[in-house]
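Reader: Can we go through this one together? I would like to start with the ligand.

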Amino acid sequence: MTHVLIVGAGIIGTALADRLAPHARVTVIDAHLPGQGTTATSLAWLNANKTIDPGYFAFRIEALRAWSRLAIEFGDPPWYVPTGNLTWAQTEEAVAELSARVERLQARRYPARFLTHDQAHSIEPGLVMPADALIAHFPGEGFVHGAQAAHALMGRAQASGARLRTGDRVVHIVGDGGQVRGAHLASGDTVAADITICAAGWRTPDVLATANTGVPLLDAKEPGSAAPCLVATTTPIPKALRGIVHAPGIYARPAWDGGLLLEAGDLDAITDMNTPQADLDTSAADLLTRAREIIPALSQAQISHARRCIRPMPTDGFPLIGWRQEGLYVAVTHSGITLAAHLAELITREILHGTRPDELAPYRPDRTAKLP
Ligand SMILES: Cc1cc2nc3c(=O)[nH]c(=O)nc-3n(C[C@H](O)[C@H](O)[C@H](O)COP(=O)(O)OP(=O)(O)OC[C@H]3O[C@@H](n4cnc5c(N)ncnc54)[C@H](O)[C@@H]3O)c2cc1C
């Protein structure tokens with residue numbers, strides 16, 4: 001039986017382990033428990049909402065379908081939350097952008113509609129929206145509780161025979177004569193494998209560098225890099241929100257423990273790898289102030305965590321999926337939550353049956369001649 005070693009138990013690695021395990025011998029290695037990397041801190045919005053590129057839009061639509069298939073297999077698990085996305089716009093520029101987006105999505109038969117205040121209130125009774133706002137709702141969207149999903153996927157993979165090894169780190173990909181044959185671990189052990197899949201998220205370049213290869217991913221350590229972000233969670237507030245909300249200056253959704261997860265693009269932009277915790281805390285307080293303006297129930301809440309998190313961001317924004325060397329495959333992408341279930345199905349076909357799915361053709365890692 002083919003032995004597949006997966007480096008990384010984030011949403012990509014665990015979704016893959018889940019699909020591969022019934023057909024192959026699978027070992028997953030992670031320095032931490034499943035889903036504790038970027039996957040745990042992600043806004044995790046399932047969507048194809050702002051995707052212009054027609055091919056990538058179709059790919060993301062398939063990805064949303066793959067999640068709903070997976071959710072049926074798991075019996076509607078609580079970590080899959082397809083409760084829609086509410087958004088609004090106020091400035092002239094933002095209203096024009098939202099109007100054009102809803103029209104474009106409707107033309108593509110994507111569920112998108114404008115709402116009156118009363119309609120919006122019946123969907124999200126805990127929200128206060130400005131009287132002059134243009135409100136839109138995307139009922140086919142939702143979000144995933146990333147850490148819980150990764151845990152469940154890994155659990156099902158283990159039930160099919162996969163091995164999970166945590167608390168150890170891959171320090172070197174090993175091979176001979178151009179054929180990758182597994183990995184050396186920080187503990188000193190070596191795991192031999194027929195196929196090694198690097199699903200190490202933003203740390204993918206570090207892992208691949210040990211095999212003298214790479215992928216064009218933004219360097220999180222570059223000053224001004226778009227990879228580092230800030231996410232804050234609040235203390236629990238019952239029924240503050242039902243679904244995901246993109247309001248001007250603040251994104252929010254329910255967190256697993258009953259609080260809300262908060263993020264904002266402008267605060268992501270001032271976060272980098274050297275931002276001190278005190279500044280992260282100041283930004284988190286700003287997030288809470290903004291969120292309280294639209295969710296009055298948050299007046300009772302405090303920030304419980306303010307965390308820097310890092311996007312695995314390909315330089316051109318599209319997924320990086322495919323062989324890097326004989327025996328060495330890579331799967332790294334932004335929007336990895338949206339794409340995980342679909343990628344797992346496609347990659348399983350490619351790896352186990354030797355097919356080259358047409359859907360993956362635009363996302364091969366060698367499409368960019370020059371690595372950053
Ligand atoms: C703030 C923010 C908001 C986001 N919003 C969205 C969104 O709304 N929708 C969406 O679809 N996506 C979103 N994303 C992106 C999405 O979260 C990521 O694409 C996805 O979580 C990546 O999953 P992963 O499994 O590749 O990486 P990770 O979850 O980081 O998993 C990689 C794993 O590899 C392990 N690892 C790394 N190196 C080694 C090593 N050498 N040895 C052993 N283990 C190793 C790590 O410990 C980690 O567990 C967002 C990301 C961020 C940061």
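Author: Fine. This is a predicted model. A polar side-chain atom of S42 lies 2.8 Å from an oxygen atom of the ligand. Taken alone, the ligand exposes 1,000 Å², and the protein buries 96% of that.

Reader: What does T39 do with an oxygen atom of the ligand, in terms of distance?

Author: An N or O atom in the side chain of T39 is 2.5 Å from an oxygen atom of the ligand.

Reader: How many residues surround the ligand?

Author: There are 38 residues around the ligand, and the closest are D30, T39, S42, G336 and T338. By type, the shell divides into 19 nonpolar, 13 polar and 6 charged residues.

Reader: Which helices and strands supply at least two residues of that shell?

Author: They are α1 (11-20), β2 (25-30), α2 (38-41), β14 (228-234), β18 (303-310) and α10 (336-353). The largest share comes from α10, with 3 residues.

Reader: And which domains does the shell draw at least three residues from?

Author: Domain 1 (3-44 + 146-216 + 315-367) and domain 2 (79-142 + 221-310) each give at least three residues to the shell.

Reader: Back to T338. Where is T338 placed?

Author: T338 is in helix α10. T338 counts as buried because its relative accessibility is 1%, and the cut-off for buried is under 20%. A polar atom of the T338 side chain also lies 2.9 Å from the backbone oxygen of W45.

Reader: Then α1. How many of the residues of α1 are buried?

Author: α1 is mostly covered, with 10 of its 10 residues buried. Among them are I11, I12, G13, D18 and R19.

Reader: New topic: α6. How far does α6 reach from its first C-alpha to its last?

Author: Helix α6 covers residues 146-159, which is 14 residues, and reaches 20 Å. That is close to the 20 Å expected at 1.5 Å a residue.

Reader: Which residues of α6 are buried?

Author: The buried residues of α6 are G146, A147, A149, A150, A152, L153, M154 and A157.

Reader: Is there a general rule for which helix positions point the same way, or what should I keep in mind?

Author: An α-helix has 3.6 residues a turn, so residues three or four places apart point the same way.

Reader: What follows α6?

Author: G161 follows α6, and its phi is positive, near 110 degrees.

Reader: Where is R109 found, and is R109 buried or exposed?

Author: R109 is in the loop between α4 (92-107) and β6 (113-115). R109 counts as exposed because its relative accessibility is 77%, where exposed means over 50%.

Reader: Where does K239 lie, and is K239 buried or exposed?

Author: K239 lies in the loop between β14 and β15. K239 is exposed, with a relative accessible area of 82%.

Reader: Where does P248 lie?

Author: P248 lies in the loop between β15 (244-247) and β16 (250-254). P248 is partly exposed, since its relative accessible area is 46%. P248 and L218 are 30 residues apart in sequence and 27 Å apart in space, C-alpha to C-alpha.

Reader: What about E124? Where is E124 found?

Author: E124 is in the loop between α5 (117-123) and β7 (134-138). E124 is buried, with a relative accessible area of 3%. E124 and L241 are 117 residues apart in sequence, and their C-alpha atoms are 6.3 Å apart in space.

Reader: Last one. Which helix does S283 lie in?

Author: S283 lies in helix α9 (residues 277-294). S283 is buried, with a relative accessible area of 9%. S283 and H145 are 138 residues apart along the chain, and 23 Å separates their C-alpha atoms.

Note on methods
Residues numbered from 1 in each chain as written. Predicted model: local features only at pLDDT ≥ 70, side-chain atom pairs only at ≥ 80, totals over all residues. Heavy atoms only, no water. Near = heavy atom within 4 Å. Polar contact = N/O pair within 3.5 Å; in protein donor to acceptor, adjacent residues only side chain to side chain. Areas by Shrake-Rupley, 256 points an atom, 1.4 Å probe, with all protein chains shown as cover. Helix = DSSP H or I, 4+ residues; strand = E, 2+ residues; numbered from the N terminus. Nonpolar A, V, L, I, M, F, W, Y, C, P; charged D, E, K, R; others polar. Domains from an automatic or database assignment. Expected span 1.5 Å × (residues − 1). Buried < 20%, exposed > 50% of the residue type's maximum accessible area, 1.4 Å probe, protein only.
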